[in-house]
Amino acid sequence: MDPRYPIGKFQQPLEVTSLLRQQAIEIVAETPARLRAAASELSPTQLDTPYREGGWTVRQVVHHVADSHLNAYIRHQSGPDRRTTNHQTLRGKSWAQLPDAKTSPVEISLALLDSLHDRWVRLWRSLTADQFGRVFVHLEHGPCTVDWLLFLYAWHGRHHTAHITELRNKNPGSSTLRRRNS
């Protein structure tokens with residue numbers, strides 16, 4: 001297994017159905033709780049452990065998920081809105097290397113994700129089939145649909161949660177990986 005992709009690389013479904021969309025929305029809805037559970041009860045030292053050689057720390061992963069999902073939420077608001085152009089260019093960026101992502105308590109980003117995902121799921125559930133097909137231009141990926149955004153971020157939350165859980169599973173007896181109170 002490639003530790004960079006513990007659940008595999010992102011793959012957009014070839015045929016999107018209403019059922020697949022609903023399943024992806026449920027995954028997005030569950031992401032904050034699953035990420036919180038993965039990072040729960042870790043000491044500051046454990047939070048500052050990279051999930052793989054040369055990778056981000058657990059703390060950086062949690063903050064990255066919040067940053068990325070907040071940015072994606074803004075993209076999402078632009079995508080299905082008929083008042084915006086059909087091909088709006090949006091920038092993507094990771095802020096995991098900034099000092100606040102390296103030092104801030106993870107609870108800040110976990111609380112942000114709780115509220116953000118509540119809003120985001122409400123927005124996902126309000127869309128029509130036509131709105132899922134709306135196109136926006138992503139700076140790194142080119143023209144993308146709102147469907148693509150949904151499936152990408154359902155994967156993204158699971159992907160980074162797995163970074164943390166795989167780190168814990170690698171060596172559960174290690175003092176740097178086990179929960180503080182175990």
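1. **Two helices side by side.** Start with helix 1 (residues 18-39) and helix 5 (residues 106-126): their axes come within 9 Å and cross at roughly 170 degrees. Here an axis is a line fitted to C-alpha atoms, for helices over the stretch in contact, and angles run from 0 to 180 degrees between N-to-C directions. Helices (H or I, at least four residues) and strands (E, at least two) are DSSP runs, numbered from the N terminus. Helix 1 and helix 5 are therefore roughly antiparallel to each other. For that label, angles under 35 degrees count as roughly parallel, over 145 as roughly antiparallel, 65 to 115 as roughly perpendicular and the rest as oblique.

2. **Who makes the contact.** Contact means heavy atoms within 4.5 Å. On the helix 1 side, the contact with helix 5 is made by Ile25, Glu26, Val28, Ala29, Thr31, Pro32, Leu35 and Arg36. Helix 5 brings Glu107, Leu110, Ala111, Leu113, Asp114, His117, Trp120, Val121, Trp124 and Arg125. Sorted by class, this contact has 11 nonpolar, 2 polar and 5 charged residues. The classes work like this: Ala, Val, Leu, Ile, Met, Phe, Trp, Tyr, Cys and Pro count as nonpolar, Asp, Glu, Lys and Arg as charged, and the others, Gly among them, as polar.

3. **What kind of model this is.** This is a predicted model, in which local features need pLDDT of at least 70 and side-chain atom pairs count only at pLDDT 80 or more, while totals for chains, interfaces and linings use all residues. Residues are numbered from 1 along each chain as its sequence is written, and side-chain values use heavy atoms, with hydrogens and water left out.

4. **The overall plan.** The protein chain has 7 helices and 3 strands. Reading from the N terminus, the order of elements is α-α-α-β-α-α-α-β-β-α. Of its 182 residues, 47% count as buried; buried means under 20% relative accessible area, exposed over 50%, and partly exposed in between (1.4 Å probe, protein chains only). Among contacts in the chain with a separation of 6 or more, 77% come from residues 24 or more positions apart.

5. **The core.** Which residues have the most contacts inside the largest nonpolar core? They are Trp124 and Leu150, in a core of 39 residues. A nonpolar core is a set of buried Ala, Val, Leu, Ile, Met, Phe, Trp, Tyr and Cys residues joined through side-chain atoms within 4.5 Å. Helix 1, helix 3 (58-78), helix 5 and helix 7 (146-170) each supply at least two residues of this core. Helix 7 gives the largest share, 11 residues. Leaving out residues up to four places away in sequence, Trp124 touches Ile25, Val28, His76, Phe132, Val146, Leu149 and Leu150.

6. Helix 7 has 25 residues and reaches 36 Å from its first C-alpha to its last, close to the 36 Å expected at 1.5 Å a residue. The expected span is 1.5 Å times one less than the number of residues in the helix. Because 20 of its 25 residues are buried, helix 7 is largely enclosed by the rest of the structure. Helix 5, with 21 residues, reaches 30 Å from first C-alpha to last, close to the 30 Å expected. Its buried residues include Val106, Ser109, Leu123 and Trp124.

7. **A buried histidine.** Is His69 buried or exposed? This residue of helix 3 is buried, with a relative accessible area of 0%. Not counting residues up to four places away in sequence, His69 touches Thr31, Leu113, Leu116, His117, Trp120, Tyr153, His156 and Gly157.

8. Lys9, in the segment before helix 1, is exposed, with a relative accessible area of 57%. Its C-alpha is 8.6 Å from that of His159, 150 residues apart along the chain. Arg52 sits in the loop between helix 2 and helix 3 and counts as partly exposed at 23% relative accessibility. Arg52 and Leu167 are 115 residues apart in sequence and 7.5 Å apart in space, C-alpha to C-alpha. Beyond its neighbours within four places in sequence, Arg52 is in contact with Pro3, Arg4 and Lys170.

9. **A backbone detail.** Glu41 lies in the loop between helix 1 and helix 2 (44-47). Its phi is near 60 degrees, a positive value in a residue other than glycine. At 41% relative accessibility, Glu41 counts as partly exposed.
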